[in-house]
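Here are some comments for a colleague who is opening this structure for the first time. Please read them with the sequence and the model side by side.

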Amino acid sequence: MIKLIDLLKEARQVGTLYHFTNIRGLESIIESNTIRATPGYVNGDPTDRISFTRNKNFYWDIIRISVDGDKLSNKYKITPYSYYYGQGKGSSGTADQSEEIVEKDISNAKSYIIDVTYILDKHKAYGNKVPISYLLELWPSMKRSE
């Protein structure tokens, strides 16, 4: 007979994953409680996907969402991926990106989110003035990078 402790030991150990988005994307996630997969082509293959990285310092946009990959992997298939030509699915990309994808919408997104960080350096690069108070209204526990 399988014991609960044995099942718990077999859970995937994914660790923290990071998803980057902009302010509109964060608003959408908060309002719908869903991280939506976006359509596109990668290496010529059509796929809807949500991109993640294991590198929290790989700043792609001004909002970094930290996700519990262990919990996420219990319901969603997380696939290593590289956006570099010729690699695609099954390839984890470069050491600085360590990309992962989920190929469908993630519902009940707030249950997987560990924290949300507003990337100040990236914000400066955009030149847009978005008050941190507005972002804190969207997500009161948001952290600010220094």
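1. Glu 27 is placed in helix H2, which spans residues 23-32, in what is a predicted model. Although Glu 27 and Leu 135 are separated by 108 residues in sequence, their C-alpha atoms lie 9.1 Å apart in space. When residues up to four places away in sequence are not counted, Glu 27 touches Tyr 134 and Leu 138.

2. The largest nonpolar core has 26 residues, and those that touch the most other members are Phe 52, Ile 63, Ile 65, Leu 72 and Ile 106. Two or more residues of this core come from each of H2, strand E4 (45-53), strand E5 (63-68) and strand E10 (113-118), and H2 gives the most, with 4 residues. As a general background, nonpolar side chains in soluble globular proteins tend to be buried together.

3. Ile 65 deserves a separate look. Apart from neighbours within four places in sequence, Ile 65 is in contact with Leu 17, Tyr 18, His 19, Thr 21, Leu 26, Ile 29, Ile 113, Asp 115 and Val 116.

4. One of these contacts, Thr 21, lies in strand E1, residues 16-21. Thr 21 counts as buried because its relative accessibility is 11%, under the 20% cut-off. Its own contacts, again leaving aside neighbours within four places in sequence, are Leu 26, Asp 61, Ile 62, Ile 63 and Ile 65.

5. Strands E5 and E10 run antiparallel and are joined by 5 bridges, with Ile 63 standing opposite Tyr 118 in E10. E10 is mostly covered, since 5 of its 6 residues are buried.

6. How many salt bridges does a search of the whole structure find? The search finds 2, and one of them is formed by the side chains of Arg 36 and Asp 105, at 3.7 Å from N to O. Arg 36 lies in the loop between strand E2 (34-35) and strand E3 (38-42), while Asp 105 lies in the loop between strand E8 (99-102) and strand E9 (106-107), so this pair ties together parts that are 69 residues apart in sequence. Arg 36 is partly exposed at 45% relative accessibility, and Asp 105 is partly exposed at 35%.

7. A salt bridge also joins the side chains of Glu 100 and Arg 54, at 3.0 Å from N to O. This pair links distant parts of the chain, with Glu 100 in strand E8 and Arg 54 in the loop between E4 and E5, 46 residues apart. Glu 100 counts as buried at 5% relative accessibility, whereas Arg 54 counts as partly exposed at 34%.

Definitions and conventions:
Residues numbered from 1 in each chain as written. Predicted model: local features only at pLDDT ≥ 70, side-chain atom pairs only at ≥ 80, totals over all residues. Heavy atoms only, no water. Contact = heavy atoms within 4.5 Å. Core = buried A, V, L, I, M, F, W, Y, C linked by side-chain atoms within 4.5 Å. Buried < 20%, exposed > 50% of the residue type's maximum accessible area, 1.4 Å probe, protein only. Pairing = 2+ DSSP bridges. Salt bridge = Lys/Arg side-chain N within 4 Å of Asp/Glu carboxyl O.
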